[in-house]
Amino acid sequence: MKYIPKYITVEKRRSVLLRVRFPTAKSKLLSDQTLARIRELPISDVASALGINLRGNKAMCFNGHDSASPSFTISKARNTWRCFGCGMHGDAIGLVQEIHGLGFMEASNWLCKHFGIIGGEVSHSQHTRSSLRTTQPKSVTPPPSAPLVSPDPELYSWLVARCGMVKADLGTAYLKAHGISPDLALRFGVVELVDPARAYRALERRWGAERICRAGLSGSRQSLSWFGYALIFPFKLNDTTQYIQVRCLQSKIKFFGPSGIHKPMFNAQRLTQLQPGRTLHICEGIPDAIAMEGKGLAAVAILGATSFRSEWVEELLEACLTQTDGLCRKA
């Protein structure tokens, strides 16, 4: 907006304001109802959608400065977040802004798309006029709703199939540090994605931008939701990738999973292969579960306590559970 000096009189300021043209791209405002719905989103769900792995109310900060203990925390009562390490804090919209580097409107639209909130954007002039009306406003046709997210095994499988074996030093060093050999990584289908921008273009040519967004892999920008070199851990069932977790090794986000989609259990098929009473190790980290499987131990991974599903209880009770990473109690 054009700068108006403070020393201009009220009448002149009013005259100048009338000559200012508000840019259409930046003048859009969220309706009060839509903004209220965004701010009602549980901060824990938003954090999980952004790839932050919460343990209760705490997690390692997305800025990457935590080395031992988590400094990122959420307040469910206030529906806010704060990092006691770097001092950053805010609400759900602010968290998206910080992690994805977006403006307020872009971050709000990201949340609308990933949580299926109907838009409700109005132009600046429409918002101003509606606030001055005293008569019954005209009915306005609501804008089309943002595509709802849902798992897309076909698209996930296509993406994983076109990624390569882990060869880069960055990826092999990460796997080695977690006790995963190249053969073990191959057994679990772990692959590397070197160029997310190129991968997005290939996905867009094959599936289209809207389907990529519905699959939870992109936000308001036409790009994947993470940047730089990454490892992809596929959640397979009958040779089909049902879900993916991305371990980002060159960006602020450490982990990313399809946004707005419930996280399944990793290596869940192991439950059907267990003999009753045999020990099952439940891990919070996928690399830990893979490393245990490499040592001949039955293991699954659950990505944070908030992603645990009640329907898993009966299946898990048939096994003798062993605690790993403090996620479960020994039965």
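This report walks through the strand pairings and salt bridges of the structure above.

Keep in mind that this is a predicted model, where local features need pLDDT of at least 70, side-chain atom pairs count only at pLDDT 80 or more, and totals for chains, interfaces and linings use all residues. Residues are numbered from 1 along each chain as its sequence is written, and side-chain values use heavy atoms, with hydrogens and water left out.

**Strands**

A quick word on terms. Helices (H or I, at least four residues) and strands (E, at least two) are DSSP runs, numbered from the N terminus. Two strands count as paired if DSSP finds at least two bridges between them.

Let's start with strand β3, residues 72-75. On one side, β3 runs antiparallel to strand β2 (residues 58-59), and two bridges join them. A59 has F72 of β3 as its bridge partner. β3 also pairs with strand β4 (residues 80-83), again in the antiparallel sense, over four bridges. Here F72 turns up again, standing opposite C83 in β4. The hairpin of β3 and β4 has four residues between the strands, and N79 takes a positive phi near 60 degrees there.

Now for an open sheet of four strands, in the order β7-β8-β9-β10, with antiparallel pairing. Its edge strands are β7 (191-193) and β10 (255-256), each of which pairs on one side only. β7 is joined to strand β8 (residues 230-237) by three bridges, and V191 has I232 in β8 as its bridge partner. β8 also pairs with strand β9 (residues 240-248), this time over eight bridges. L237 stands opposite T240 in β9.

How covered is β8? Mostly: six of its eight residues are buried. Buried means under 20% relative accessible area, exposed means over 50%, and partly exposed is in between (1.4 Å probe, protein chains only).

**Salt bridges**

A salt bridge here is a side-chain nitrogen of Lys or Arg within 4 Å of a carboxyl oxygen of Asp or Glu. By this rule the model has seven salt bridges.

| Pair | N to O distance |
|---|---|
| E284 and R55 | 2.7 Å |
| E154 and R211 | 2.9 Å |
| E210 and R214 | 3.2 Å |

Take E284 and R55, which form a salt bridge. E284 sits in the loop between β11 (279-283) and α13 (286-294), while R55 sits in the loop between α3 (43-49) and β2, so the pair ties together parts that are 229 residues apart in sequence. E284 is buried, with a relative accessible area of 11%.

Next come E154 and R211, which also meet in a salt bridge. This pair links distant parts of the chain: E154 is in helix α7 (residues 153-161) and R211 is in helix α11 (residues 209-214), 57 residues apart. E154 is partly exposed, at 47% relative accessible area.

What about E210 and R214? Both lie in helix α11, four residues apart, or about one turn of the helix. E210 is exposed, with a relative accessible area of 52%, whereas R214 is partly exposed, at 30%. Finally, salt bridges that share partners join D152, E154 and R211 into one network.
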